[in-house]
Amino acid sequence: MTSRDFTDYIHHIGDRTDMFLTVAAHTGARCTLYPGSYLDLTPSYALPDVTYLDSDPRARKAFADPATALSLTGLHRHYPQAPEITFLPGDYTRTLRELPEAEWDLAISLYAGPVSEHVARCLKPGGWLLANNSHADAGLAHVNPAYRLAAAIHHRAGRYRLTTDDLERYLLPKTPPHPTREQLHARGRGIAYTHPATAYLFQHVPHGQ
């Protein structure tokens, strides 16, 4: 596969580089883990060291030649050093258990299921989780004592804005009470919130401290 496989997918889903730049500036994250990444290479445009993880054969094929992803990232990166890109094939529900503990500054969960529940062990204490509410993962992180909401991210007119103001208004269900973990898993999708955001940034709090 060629770099066009990455760029075509980015054009299809929309370029999220600005969101990752916003998160990078707020968190100072360097080492990032992206389970369920598929062909979204844009985190590497903003973050210098990204480990991608996906079970899809098309992702395996696209990342098979590291030079392709590195060359494309080199054209779009927003940092001075050479990018570091790692791809791990496999289902994250199993593969994440095999990775080192407390190794990454940031984990990304976008449209990939309950990543938050499997990736917490891989995050450094005080590390970060960027999640949207597809497949209810923001809701799952909200009810998980290993995470604490740190910011909300909004997307408007092609730009991303991060806010840490009035966080108590987020993740409040339109129809209380908030579902439990078990109820969210049974639904398999996110619920409606009174003040929805495009994505949410959580901080990892080991042992629910």
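Colleague: Is cysteine 31 buried or exposed?

Modeller: This is a predicted model. In it, cysteine 31 has a relative accessible area of 18%, and the cut-off for buried is under 20%, so cysteine 31 counts as buried.

Colleague: And what about cysteine 122, buried or exposed?

Modeller: Cysteine 122 is buried too, at 1% relative accessibility.

Colleague: How many disulfides are found in the whole structure?

Modeller: The search finds 0 disulfides. A disulfide is a covalent bond between the sulfur atoms of two cysteines. For cysteine 31, the closest cysteine sulfur belongs to cysteine 122 and lies 12 Å away, which is too far for a bond.

Colleague: Turning to the helices, at what angle do H1 and H5 pack?

Modeller: H1 (residues 3–13) and H5 (residues 66–76) pack at about 55°, and their axes are 9 Å apart. The angle therefore makes H1 oblique to H5.

Colleague: Which residues make that contact?

Modeller: H1 contributes Ser3, Phe6 and Thr7, while H5 contributes Thr68, Ala69 and Leu72. By class, the contact has 3 nonpolar, 3 polar and no charged residues.

Colleague: Which strands pair with S8?

Modeller: S5 (residues 123–131) runs antiparallel to S8, joined by 4 bridges. Leucine 129 has phenylalanine 202 of S8 as its bridge partner. S6 (residues 147–156) also pairs with S8 in the antiparallel sense, over 6 bridges. There, isoleucine 153 is partnered with alanine 199 of S8.

Technical notes. Residues numbered from 1 in each chain as written. Predicted model: local features only at pLDDT ≥ 70, side-chain atom pairs only at ≥ 80, totals over all residues. Heavy atoms only, no water. Axes fitted to C-alpha atoms, helices over the stretch in contact; angles between N-to-C directions. Helix = DSSP H or I, 4+ residues; strand = E, 2+ residues; numbered from the N terminus. Parallel < 35°, antiparallel > 145°, perpendicular 65-115°, else oblique. Contact = heavy atoms within 4.5 Å. Nonpolar A, V, L, I, M, F, W, Y, C, P; charged D, E, K, R; others polar. Pairing = 2+ DSSP bridges. Disulfide = S-S within 2.5 Å. Buried < 20%, exposed > 50% of the residue type's maximum accessible area, 1.4 Å probe, protein only.
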